[in-house]
Amino acid sequence: YGSVSVIYGSSNGLKTTGSQLLTQGVDGVPGSSEEGDSFGSALAAGDFNGDSISDLAIGIPAEDFESWKTTIHNAGAVIVVYGTSQGLPGSGAQTFYEGLTCGRTGIPGETQETDSFGAALTTGDFNGDAMDDLAIGAPYDLSTAGTVTVIPGSALGGLQCGRSRLWHQNVLDVEGTAEVSDRF
């Protein structure tokens with residue numbers, strides 16, 4: 001299971017009213033809450049769509065993925081809830097799985113057992129376009145060598161999977177060599 005409590009601030013500090021409890025399958029947050037998912041174990045905020053309102057990326061590293069009557073256990077996922085002037089309603093949320101189609105092209109990599117995609121999250125403007133991008137860690141990918149996927153933000157609908165990049169220690173310009181148990 002898991003949940004994320006959102007407590008809004010004001011010029012006088014945190015407000016005592018208007019807080020939200022986000023869980024899968026409630027108020028427009030996709031998916032269903034299942035035992036052991038670890039929804040919310042990693043969080044990162046950024047403005048992924050350039051509207052000057054923070055959006056929230058929520059890691060679910062133990063999320064199972066159902067595909068063609070097969071369950072891929074603990075593959076992991078990330079849900080991005082886009083902020084509005086009214087807060088985080090959940091509508092228009094995106095779900096990202098490693099290696100799966102998102103629009104016309106997919107996120108690099110392959111959805112596999114125990115990858116823990118979404119175990120670590122951070123944001124930043126990594127490509128210098130004045131838009132926040134999302135970095136997603138999968139520490140058990142590549143036989144526990146680990147990978148990081150970077151999905152760039154865009155004013156054209158938020159995160160753009162077709163422009164994402166997969167990083168690990170066997171990629172040109174990344175120091176070291178991918179080895180078992182590195183958890184890069």
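## Strand β9 and its partners

In this predicted model, β9 and β10 run antiparallel and are joined by three bridges. Within that pairing, Ile 79 has Thr 95 of β10 as its bridge partner. β9 also pairs with β6: the two strands, residues 77-81 and residues 55-60, are antiparallel and share five bridges. Leu 56 stands opposite Val 81 of β9.

How many of the residues of β9 are buried? Five of its five residues are buried, and the strand is mostly covered. The cover is on both faces, with Ala 77, Ile 79 and Val 81 buried on one side and Val 78 and Val 80 buried on the other.

## The sheet around β9

β9 belongs to an open sheet of four strands, in the order β5-β6-β9-β10, with antiparallel pairing. β5 and β10 (94-96) are the edge strands, each of them pairing on one side only. On average, and with direction ignored, neighbouring strands of this sheet are turned by 20° against each other.

Strands of a sheet are held in pairs by hydrogen bonds of the backbone, in either a parallel or an antiparallel arrangement.

## A further sheet, β13 to β16

Another open sheet of four strands has the order β13-β14-β15-β16, also with antiparallel pairing. Which strands lie at the edges? The edge strands are β13 (120-124) and β16 (165-167), and each pairs on one side only. Neighbouring strands here are turned by 20° against each other on average, direction ignored.

β13 and β14 (residues 133-138) pair in the antiparallel sense through five bridges. In this pairing Leu 121 has Ile 136 of β14 as its bridge partner.

## Nonpolar cores

The largest nonpolar core has 17 residues. Val 78, Val 80, Phe 96, Leu 121, Leu 134 and Leu 159 are the residues with the most contacts inside this core. β5, β9 and β14 are the elements that give two or more residues to it. β14 provides the largest share, three residues. Apart from this core lies another one, of 11 residues, and among its members are Val 6, Leu 56, Ile 58 and Ile 79.

In soluble globular proteins, nonpolar side chains tend to be buried together.

## Thr 23

Thr 23 sits in the loop between β4 (20-22) and β5 (42-46). Not counting residues up to four places away in sequence, Thr 23 touches Gly 2, Ser 3, Val 29 and Phe 39.

Methods. Residues numbered from 1 in each chain as written. Predicted model: local features only at pLDDT ≥ 70, side-chain atom pairs only at ≥ 80, totals over all residues. Heavy atoms only, no water. Contact = heavy atoms within 4.5 Å. Pairing = 2+ DSSP bridges. Axes fitted to C-alpha atoms, helices over the stretch in contact; angles between N-to-C directions. Core = buried A, V, L, I, M, F, W, Y, C linked by side-chain atoms within 4.5 Å. Buried < 20%, exposed > 50% of the residue type's maximum accessible area, 1.4 Å probe, protein only.
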